[in-house]
Amino acid sequence: ALVLGLMGLVFPLLFIPAVLVLLSIGGDGKPVARERSSAESRKHLTAAAPNWKSHWLSECESPAEEAFLNAAIDAFELIPDQGNLRKGDVALKLQVLIRPYRVDFMVNDRLIVEVDGEAYHSAPEAVARDSERDAYLVSFGYTVLRIPAKVVFRQPSEAVRRVRISLANLPPPIP
């Protein structure tokens, strides 16, 4: 948007796409529909469908996210339901867009679970960026749980335990 805006000083018509880009990244904290077409195709999947799990695993962006998803499906006995994974009082969504961010997982529309690989989340700049992102999401009433990838790989039951504790400690919903 900044580049388009600066180029708009020379070519005024470029101000229009700059404004459109800015409007599209403006956030209100509300989750919006996933950008991927496979999300729509999953709405009709049931637990009876062969290889239903592979449809969700294909949405993961890293092996650590896949490991977490497998652990969550097993621990919570999640099954496909209307394009999400659900069982009892636990509903899990993947790759949820909350502009300008996309979160790895959302549980019960209030708990955001981010699976953090050391390579991308350990540098001081990355820690600062993650803190800023978390503060933004918390400002809209979400709780953010960050789980290191090494925990997901080495102790998947510990990752699930952290989710259970966070769910039990969620503050009451804001009316």
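**View 1. The lining of the largest cavity holds eight nonpolar residues, with no polar and no charged ones.** Here Ala, Val, Leu, Ile, Met, Phe, Trp, Tyr, Cys and Pro count as nonpolar, Asp, Glu, Lys and Arg as charged, and the others, Gly among them, as polar. This is a predicted model, in which local features need pLDDT of at least 70 and side-chain atom pairs count only at pLDDT 80 or more, while totals for chains, interfaces and linings use all residues. Residues are numbered from 1 along each chain as its sequence is written, and side-chain values use heavy atoms, with hydrogens and water left out.

The residues that line the largest cavity are Phe68, Ala72, Phe76, Leu78, Val90, Leu92, Val107 and Val163. Two or more of the lining residues come from each of α5 and β3 (90-98), and α5 gives the most, with three residues. The space in this cavity is about 30 Å³, and a search of the whole structure finds one cavity of 30 Å³ or more. A cavity is a set of points, on a 1 Å grid over the protein atoms alone, where a 1.4 Å probe fits but cannot get out, and lining residues have an atom within 4 Å of a point.

**View 2. Helix α5 (residues 63-76) and helix α9 (residues 156-168) cross at roughly 65°, and their axes come within 9 Å.** Because of this angle, α5 is roughly perpendicular to α9, a term that covers 65 to 115 degrees. Helices are DSSP runs of H or I with at least four residues, and strands are runs of E with at least two; the axes are lines fitted to C-alpha atoms, and angles run from 0 to 180 degrees between N-to-C directions. In the contact, where heavy atoms lie within 4.5 Å, Phe68, Ala71, Ala72, Ala75 and Phe76 of α5 meet Pro156, Ala159, Val160, Val163 and Arg164 of α9. By class, the residues of this contact are nine nonpolar, no polar and one charged.

**View 3. A cis peptide bond joins Arg99 and Pro100, with omega of about 5°.** Pro100 sits in the loop between β3 and β4 (101-107). Most peptide bonds are trans, and most residues other than glycine have a negative phi.

**View 4. Gln95 has a positive phi of about 45°, although this residue is not a glycine.** Gln95 belongs to strand β3.

Terms used. Parallel < 35°, antiparallel > 145°, perpendicular 65-115°, else oblique. 1 Å grid on protein atoms, 1.4 Å probe; cavity = no way out; pocket = protein on both sides within 12 Å on 5 of 7 lines; lining within 4 Å. Points joined across faces, edges and corners; volume = space filled by probe spheres on them.
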